[in-house]
Amino acid sequence: MSAGALPPSLWAATAPPAPPTPPLAESRRADVLIVGGGFTGLSAALHLAEAGAQVCVLEAHEPGWGASGRNGGQVNPTLKHDPDELVRIFGAERAEPLIDAVSGSADLVFDLIARHGIDCQPVRNGWLQLSYSEKDVAGLHARAAQWARRGARTEALDRAAVAARLGTDTFAGGWLDGRAGGIQPLAYTRGLVRAAQGLGAAVHGGTEVTALERRGTHWHASTSTGASVTAEQVLIATNGYTGALWPGLKRTVLAANSFIVATEPLKGAAAHAILPRGETASTSQRLLLYFRKDAQGRLLMGGRGHFADPGGPADFAHLERSLELLFPQLGPLRYEYRWAGRIAVTRDFMPHVHTPAPGMTIALGYNGRGIALATSMGRHVAARMLDAGADFPYPVSPIRPIPLHGLQRFYIAGGVAWYSLLDRLS
Ligand SMILES: Cc1cc2nc3c(=O)[nH]c(=O)nc-3n(C[C@H](O)[C@H](O)[C@H](O)COP(=O)(O)OP(=O)(O)OC[C@H]3O[C@@H](n4cnc5c(N)ncnc54)[C@H](O)[C@@H]3O)c2cc1C
């Protein structure tokens, strides 16, 4: 991996400037070394530094270069599994703390933004999850009821209620998750860097960790700059950009591409009638579409992409067509930005935490819902690093590579074809 500039995107064009994060120039010691400068690593760094630990974050490119600086900015405090399903899978004793952590994860994001004065256009107007089919609306209403039983502010919405919020009657219904909201994700990432630095954390960009070696009671990290870090504990937080640093880790996730387009700022009554209350939105299909407006009134649409990185505007045509089909009243749209990034999909659709050696923690696999979850994960990993006996809500598992992972591009292509068939049938 060679250090690269941020890929062009709406977020890269509109975020406040990045705080300085120069490459690691001199070898040093730290209590905790964090590999990866996204939400997971930076939230862990901030919470560790807040507790007085000496933290060093090493990022191969610049913080936010990965998914954290490229995502849809939808802060959703949910997993792919519903609360009752989590209780069935894990039993109530293990599931309830997990459900609480997930449920509180958007609060954590918005609290951090407020507490550290992060300039990232936060809005907290809820998330609409929508279905095209009458048949699936009951399931979404049941989801709303499950979260409401656990204290979340939710609303079950019928076709007319969705149409009033959305500006289209395409959807048969859905639900509103009042805990959710939207942010400018690269601005949030940079705000986390600034906050962590303010608390004493060292954050270095342009510094790839090339090897980790156990030496006595410590970890020794070699880096692309030639300088090294020695630390008691290490967190690997490389998600969809995981390489060969830890044996087998890359093979535990499918690094799928998600693509996004953003229109130019929209004006006029037709544009104002779309999401007038400022919610974020996504469909509940297996191959979901996610959309929202940004602070300047651009419409963003995200969804699946092919495994390879996009080669040009034609690779985004399916998203532009989806947006224009959804809101034909806007007429032909002009697009200002098109970009993509990698999410980490796990086999069980759960985030994964591994502790494969003394002092080594790995956290990844947010399945496209990592703004709130990765921020929460970072906080809980930090607490566990400070006190091994601390309550830890996320399941810890051994590293289990996905069989025949070398075929991941075919898994993803096959999954896209299969899911698209199922979506069409339903
Ligand atoms: C297009 C897109 C849209 C998305 N939309 C949403 C959304 O709307 N809502 C939501 O909740 N989630 C969304 N997600 C998912 C979310 O962005 C991720 O789950 C989250 O950012 C993961 O954060 P992270 O810190 O674990 O990983 P990342 O942000 O991917 O960071 C990993 C970092 O590790 C670095 N790295 C890798 N190897 C090394 C090494 N050896 N040495 C040093 N550094 C290394 C990489 O350069 C990278 O910057 C989306 C993702 C994408 C790609």
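Eight strands form an open sheet of mixed pairing, in the order 5-6-4-13-14-15-12-16. Strands here are DSSP E runs of at least two residues, helices are H or I runs of at least four, and both are numbered from the N terminus. Two strands count as paired if DSSP finds at least two bridges between them. The model is predicted, so local features need pLDDT of at least 70 and side-chain atom pairs count only at pLDDT 80 or more, while totals for chains, interfaces and linings use all residues. Residues are numbered from 1 along each chain as its sequence is written, and side-chain values use heavy atoms, with hydrogens and water left out.

Strand 5 (154-158) and strand 16 (335-345) stand at the sheet edges. Each has a single partner strand, so one side of each lacks a neighbour in the sheet. From one strand to the next, the twist averages 20°. Strand 16 pairs with strand 12 (residues 254-263) in the antiparallel sense, over ten bridges. Within this pairing, W339 of strand 16 is the bridge partner of I260.

Two helices lie across strands of the sheet. Helix 7 (residues 159-166) lies across strand 4 (127-131), strand 5, strand 6 (173-177), strand 13 (280-283) and strand 14 (290-293). Helix 7 runs at about 105° to strand 5. Helix 10 (residues 317-326) lies across strand 12, strand 14, strand 15 (299-304) and strand 16. Its angle to strand 15 is about 125°. Axes are lines fitted to C-alpha atoms, for helices over the stretch in contact, and angles between N-to-C directions run from 0 to 180 degrees.

The domain assignment gives domain 1 (1-124 + 182-253 + 345-426) and domain 2 (125-181 + 255-344). Such bounds come from an automatic or database assignment. The domain centres, taken over C-alpha atoms, are separated by 25 Å. In domain 1, 51 residues are in contact with 46 residues of domain 2. Contact means heavy atoms within 4.5 Å.

Helix packing was examined next. The axes of helix 2 (residues 39-50) and helix 8 (residues 185-198) come within 9 Å and cross at roughly 30°. That makes the two helices roughly parallel. Angles under 35 degrees count as roughly parallel, over 145 as roughly antiparallel, 65 to 115 as roughly perpendicular and the rest as oblique. The crossing of helix 2 with helix 8 is left-handed. A crossing is left-handed if the near helix is turned anticlockwise from the far one by less than a right angle, and right-handed if clockwise. Helix 2 contributes F39, L42, A45, L46 and A49, and helix 8 contributes P185, Y188, T189, L192, V193, A195 and A196. By class, this contact has eleven nonpolar, one polar and no charged residues. Ala, Val, Leu, Ile, Met, Phe, Trp, Tyr, Cys and Pro count as nonpolar, Asp, Glu, Lys and Arg as charged, and the others, Gly among them, as polar.

Helix 2 also packs on helix 11 (residues 370-386), with axes within 7 Å and a crossing of roughly 40°. The pair is therefore oblique. This crossing is right-handed. Residues of helix 2 in the contact include F39, H47 and L48, and those of helix 11 include I371, R379 and L386. The contact has nine nonpolar, six polar and one charged residues.

Helix 5 (residues 105-115) and helix 11 have axes within 8 Å, crossing at roughly 80°. They are therefore roughly perpendicular. S105, A106, L108, V109 and L112 of helix 5 meet I371, A372, L373, T375, S376 and R379 of helix 11. These residues divide into seven nonpolar, three polar and one charged.
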